[in-house]
Every structure is written in structure tokens, then in C-alpha cells.
Amino acid sequence: MGRRSLWESARMSVRSIAGSPVRAGLTALGVMIGVASVISLVALGRGAEQEVSKNLQQLGSNLLMIYSGEPRGTALVRTNTANIRPTLTPTDLEAIRSFDSELLNYAAPASTSNAQVQFENRNAAVTVFGTTPEYTEIRNFRPAFGTFFTHADVESRTHVVAIGMQVYRDLFTPGTDPVGRAIRVNGVSFTVVGVMEEKGEAAQDNSVLIPISSYQRRISGDSAFQMIAVQATSPDVMRQLQSQIEEHLLRLHRMPTMDSADFYVVNQLDLLSTVEGVAGTFTLMLASIAAISLVVGGIGIMNIMLVSVTERTREIGIRMALGARRQDITIQFLAEAVLIAIAGGLIGIALGVAGSWAVYRFARIPSEITILSVGTAFGFSVLIGLFFGGYPAWRASRLNPIEALRYE
Amino acid sequence: MIQLQAVTKEYRMGSETIHALRNVDIDIMPGEYIAIIGPSGSGKSTLMNIVGCLDTASRGAYTLAGTSVGKLAGDRLATVRNETIGFVFQSFNLLPRLNARENVELPLIYAGVRKTARRQRAMNMLERVGLKDRVTHKPNELSGGQRQRVAIARALATNPPVLLADEPTGALDTHTGVEIMALLEELNREGTTLIVVTHDIELALRATRRIHLRDGEIIQEEVS
């Protein structure tokens with residue numbers, strides 16, 4: 001049994017498939033749909049994974065958030081902290097800021113509450129943020145227009161405000177330069193210094209940012225902060241930084257363990273790996289469901305191959321009389337099943353790729369085709385051809401030549 | 001060439017044992033022209049299957065071209081068929097999807113002959129049986145006589161020493177039948193051992209030796 005004989009078998013199979021293209025097409029359909037669904041569902045899963053990671057990255061890089069109070073949920077950036085009692089003090093902030101610059105780039109305090117803003121006869125309900133200029137670096141949230149307030153503004157409790165893009169739209173007629181205009185925040189007049197870039201998230205776009213000192217005096221009346229946002233120097237030091245922060249703050253707050261602490265730390269890295277883990281499981285689940293249809297496609301191949309073996313009993317008898325050995329017959333039918341599966345697989349790959357492209361194009365659902373998913377799907381279709389073609393081919397090779405020749 | 005010694009073939013049908021052949025002894029020399037004759041149920045199909053290596057005897061010895069084939073396994077038998085026996089069937093047994101040349105190429109594929117050599121040999125065989133201008137025709141585009149010629153060309157393809165013809169004229173009209181027999185006899189004169197299995201006395205009379213079978217036994221052998 002050499003390569004030549006295999007080649008001959010492949011040629012025979014091609015002829016046989018070409019002899020009944022409709023049947024071959026219908027046989028391949030199952031594998032086609034199976035492969036297409038594996039590829040497009042995995043692509044969708046991967047796309048979702050990427051999207052979630054991207055969203056998390058957009059919150060800022062190497063971000064640690066320290067929150068007042070008991071742990072609530074796992075959100076890295078909480079969209080509503082308005083009713084949290086602040087427990088983080090300026091001393092805490094100073095302690096964190098004095099950490100090694102190998103570990104930490106920036107730390108910024110932040111407190112929020114709901115507020116009413118007003119300009120001329122327009123007003124809007126917004127979230128007001130009290131913070132310091134480092135916040136723009138940590139959250140990767142910068143003015144698109146004008147400037148942010150400065151450390152000097154924080155020092156002197158200036159009434160200046162940077163407004164979110166949505167707030168700008170709500171308060172100003174399009175095209176108006178808001179810089180230098182005075183808006184009222186909960187009735188107190190603040191001068192607009194800049195408009196923040198649009199993030200696509202209401203929590204940021206519908207917020208106004210003022211110096212933490214002004215916030216404390218005019219809004220909360222409390223010298224503590226609800227949160228401290230920290231940017232680590234690299235992902236590698238984030239866990240180290242987190243434990244150092246916890247250790248320091250526990251000592252400052254005179255508390256024995258994190259279980260009884262009045263603050264908690266959320267680490268972007270942990271969150272990212274959790275989310276990616278969940279998304280990965282989700283992708284795997286989608287792939288498994290799709291793989292079932294691949295198996296069903298394989299059963300379809302087996303079904304038709306069994307019919308084909310029965311129909312061609314006489315042909316098998318003739319070939320045996322002319323000197324075909326069992327392996328010749330086995331390989332002939334196996335080659336046919338594998339070719340049908342491969343053809344189905346290739347068309348399925350094309351459909352899957354086209355399908356995920358179309359979903360992205362028309363529904364804007366991101367998807368990612370990977371070489372791995374295409375390769376796996378193709379490999380699986382070959383295996384399915386071999387596995388489900390194996391039994392019919394074996395049946396064909398075990399036929400008795402005399403009975404096969406007599407078969408009508 | 002062909003030597004059967006006390007060949008017996010039994011089938012089990014439920015609790016009953018059917019003796020298709022009982023103690024058959026046959027000795028055929030190279031280049032002989034033999035007719036095996038008998039009514040249906042006489043065992044001549046069973047004999048043909050054993051001689052043609054499609055089946056093996058329950059008991060007894062069978063030597064074909066110096067090889068004892070009695071105990072060979074399936075794949076070895078396939079090789080022996082391919083190299084030693086050329087089959088000609090009553091119903092031609094051509095593959096309908098393949099054209100004349102491709103049908104003739106089939107045994108050469110299993111003999112492992114390369115494509116160009118195979119093609120050349122098939123063309124030569126078709127020319128030998130007078131179908132040089134029909135090589136690309138499919139079986140359903142050929143007359144009965146032409147189909148049987150293709151089958152004969154196919155049987156000759158691997159140049160086997162034995163031609164085994166089972167009712168070769170059974171599906172043909174008298175005139176065409178005579179032509180086909182003339183072709184087979186010509187091949188016999190060129191040295192191929194020819195064995196014709198038939199129930200037709202007239203056809204059998206053309207052979208140089210006739211073996212009469214009845215109920216699985218040789219009842220008469222005659223030489224003309």
C-alpha cells in the first residue's frame with residue numbers, strides 16, 4: 001500500500017462524488033453547518049472576551065481602586081458612590097503617595113455625589129466628582145477642549161469645573177465655547193475650564209469634576225474621601241502594591257485584618273483575569289454546543305456512506321473479483337467520506353468567516369477569527385470523516401465477493 | 001495449470017448441510033479449452049467461484065499455477081485473482097460510471113501499474129478486442145457485444161494465464177455470441193487457458209474437453 005494507491009483511491013472518490021454532486025452536497029451540509037457554527041460562535045465568544053477586556057483597559061491602566069466601606073460587588077469603578085460614607089483620610093492619601101515610585105505612578109482622591117448643574121435657563125442632573133489633577137492620568141480621562149484644573153486650584157479651593165461631554169451638550173448650544181463661562185453646581189457658581197473627552201459611558205460623560213478641596217467645602221462638608229484611585233507602574237507590581245496599601249491603611253485605621261476593615265481594594269488585574277476566565281468558559285461552552293452539530297454532521301456522513309455501500313455492493317464485488325484487496329476497498333470509501341467532510345469543512349470555514357464578518361458589519365457585534373479555531377474546525381472535519389466513514393468503509397471491505405457480485 | 005483434488009464445498013443452511021461440491025478432481029493443463037457444463041444447481045457456479053479464487057473449498061486441495069491457494073487469506077486471494085484469473089461474466093459487470101478504457105484499467109490499478117503504462121496497456125487491450133474507436137464510450141453507449149468485448153479486454157489487462165468465462169454469451173444474441181466465442185477461442189489459441197462455464201450444450205461442444213456436473217459431482221468427462 002503506497003502513496004500511489006492512496007492517490008488512486010482519492011481519484012476514484014472524486015469521481016464518485018462528482019457522479020452524484022447533490023447527494024454529496026447534502027451529505028457535506030451537516031459538517032458544513034457544524035464547522036461554520038464552531039467558527040462563528042468561537043469568533044463571537046472571542047470577540048466578547050476582547051470587548052470586555054478592552055472596556056476594562058479603558059478604565060485606566062494598572063488601576064487599583066480603594067473604596068470606603070465594606071466590599072460591595074466586584075466592580076472596579078463604581079458608577080454610584082454618592083451614598084457611601086467616606087472613611088479614607090488625607091493621611092491615608094499621603095501615606096500612599098509616599099510609596100516607592102518603583103511601585104506607584106499616581107494616587108488621587110475622589111468623592112462623588114449627585115448634583116444639579118445649571119447654565120442660564122438650562123439644567124441637568126449630573127454626578128459631581130471632587131478630585132485632583134492626577135485623576136486624569138490614572139483614569140486616562142483627559143480634557144478634549146480647554147484644560148483640567150491644576151494643583152494650585154486644589155490648594156486654593158478655586159471654584160473651577162471640567163465638564164463631561166454630555167453635560168456640555170445639555171447645558172450649551174452646540175458650537176459655544178464654554179471655557180470661562182460660569183455654571184452653577186448645586187447653586188454654587190463654578191467657572192468652566194475645559195470639556196472632557198467623550199468616553200461613551202454615562203458615568204464619565206455625564207459628570208463634572210471639581211477640585212477635591214472645593215468639593216469638601218461646598219458639597220460634602222467632610223474632609224475624608226470616598227475613594228482613592230491608584231495607578232501602579234506596571235501590571236507586575238499590582239499585587240505587591242495592593243498588599244502594601246492594605247497593610248499601611250490597616251495600621252493607620254487601627255484595624256487587625258481586611259475582614260473587619262472599613263475600606264477595600266479592587267485590583268484591575270484580578271478583575272481582568274476573572275472576566276477573561278468567565279469569557280473563556282463562555283467561548284468554550286459555545287464551541288461545545290457547536291461541536292455537537294459537527295458530530296451530527298458526522299452521523300449524516302455515516303448514514304449516506306452506509307447507503308452508498310449498499311447501493312454499490314455490485315461495484316464492490318466487481319472490484320474484488322478484479323483483484324481489489326480489503327484495504328483497497330476500505331481506503332476507497334474512507335477517502336470518499338474524508339473528502340466529503342473536508343469539502344464540507346472548507347465551505348463551513350468560509351461560511352463561518354463570512355458569517356462573523358456579516359455579524360460585525362451589520363450588527364456591530366465584534367468577533368475574532370483565530371487560526372486556532374479555523375485549524376481545529378478543519379482538523380475536526382477530517383477526523384469526523386475518518387471516524388464516521390470508518391464503519392461504512394469497514395463494512396464495504398468485509399463484503400463477500402460472491403454475494404456482492406450476485407447483488408442486484 | 002489448475003489442479004483440484006477431492007474438493008468438497010459445504011454450506012450450512014440452518015441445521016442442514018448442503019453439499020455444493022463432492023470430491024471433485026479436475027486437472028487442467030496450460031492452454032486447454034474446457035467447458036464446465038451442468039444444469040442449474042449442479043454446482044458449476046460453486047466450482048467456478050473456487051477455481052476463480054472467489055471462494056475456498058471446505059475440504060480438498062487446489063493448486064493454481066503452482067501455488068496452493070486452498071488456504072490463502074482474503075487479500076492473498078485477491079492478488080492471485082488479479083494476477084492469474086481473467087473473469088468474463090454473463091452480465092459483463094462493467095462499472096457504469098467509467099468509460100471503456102477506465103474499466104479496462106481497473107485490474108491494473110490494483111496491480112499497482114502506473115498511470116501512463118496503465119493507459120497504454122488498456123488501449124492495447126481494447127485494440128486487441130477491436131474497440132480502438134470506442135475507448136471513451138461509457139458502457140450504456142455500447143452494444144451488448146461491445147460491452148462483452150470491453151469485459152474481455154479488462155480480463156486480459158493483467159495478462160493472466162487463465163480466462164474464466166461464466167455464460168459469456170448468455171446475454172447476447174446468437175450472432176454476437178458466436179463472435180464473442182470466436183474472440184475467446186482466438187485468445188485460447190494464443191496460449192491462454194480458457195474455461196467456459198455454461199448450461200448450453202452447443203456452446204460446450206466447441207471446447208476440447210467437457211466436464212459434466214450434476215448434484216455437485218462430476219458425472220462425465222469427454223474429450224473431443
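**Exercise 1. Find how the axes of helix α2 and helix α10 of chain A cross.**

Step 1. In this predicted model, look up helix α2 (residues 21-58) and helix α10 (residues 268-311) of chain A. Helices here are DSSP runs of H or I with at least four residues, strands are runs of E with at least two, and both are numbered from the N terminus.

Step 2. Two packed helices are described by the angle between their axes and the distance between the axes. The axes of α2 and α10 of chain A come within 8 Å and cross at roughly 180 degrees. Each axis is a line fitted to C-alpha atoms, for helices over the stretch in contact, and angles run from 0 to 180 degrees between N-to-C directions.

Step 3. The crossing angle makes α2(A) roughly antiparallel to α10(A). (Under 35 degrees counts as roughly parallel, over 145 as roughly antiparallel, 65 to 115 as roughly perpendicular and the rest as oblique.)

Step 4. Sort the contact of α2(A) with α10(A) by class: 19 nonpolar, 15 polar and five charged residues. Ala, Val, Leu, Ile, Met, Phe, Trp, Tyr, Cys and Pro count as nonpolar, Asp, Glu, Lys and Arg as charged, and the others, Gly among them, as polar.

A note on conventions: residues are numbered from 1 along each chain as its sequence is written, while chains are lettered from A and ligands numbered from 1 in the order in which they are written. Local features of this predicted model need pLDDT of at least 70, side-chain atom pairs count only at pLDDT 80 or more, totals for chains, interfaces and linings use all residues, and side-chain values use heavy atoms, with hydrogens and water left out.

**Exercise 2. Describe the packing of α9(A) and α10(A).**

Step 1. The axes of α9(A) and α10(A) are 9 Å apart, at an angle of about 125 degrees. The two helices are therefore oblique to each other.

Step 2. Now find the residues that meet: A:M238, A:R239 and A:Q242 from α9(A), and A:Q268, A:L269 and A:D270 from α10(A). Contact means heavy atoms within 4.5 Å.

Step 3. By class, this contact of α9(A) with α10(A) has two nonpolar, two polar and two charged residues.

**Exercise 3. Which residues of helix α3 of chain A are buried, and what do they pack against?**

Step 1. In α3 (residues 90-97), the buried residues are A:D92, A:L93, A:A95 and A:I96. (Buried means under 20% relative accessible area, exposed over 50%, partly exposed in between, with a 1.4 Å probe and protein chains only.)

Step 2. These residues lie on the same side of α3(A), because they cover an arc of only 160 degrees around the axis. The arc is taken from the directions from the helix axis to the C-beta atoms.

Step 3. Their packing partners in chain A are β1 (63-68), β2 (104-119), β9 (227-232) and α9 (238-252).
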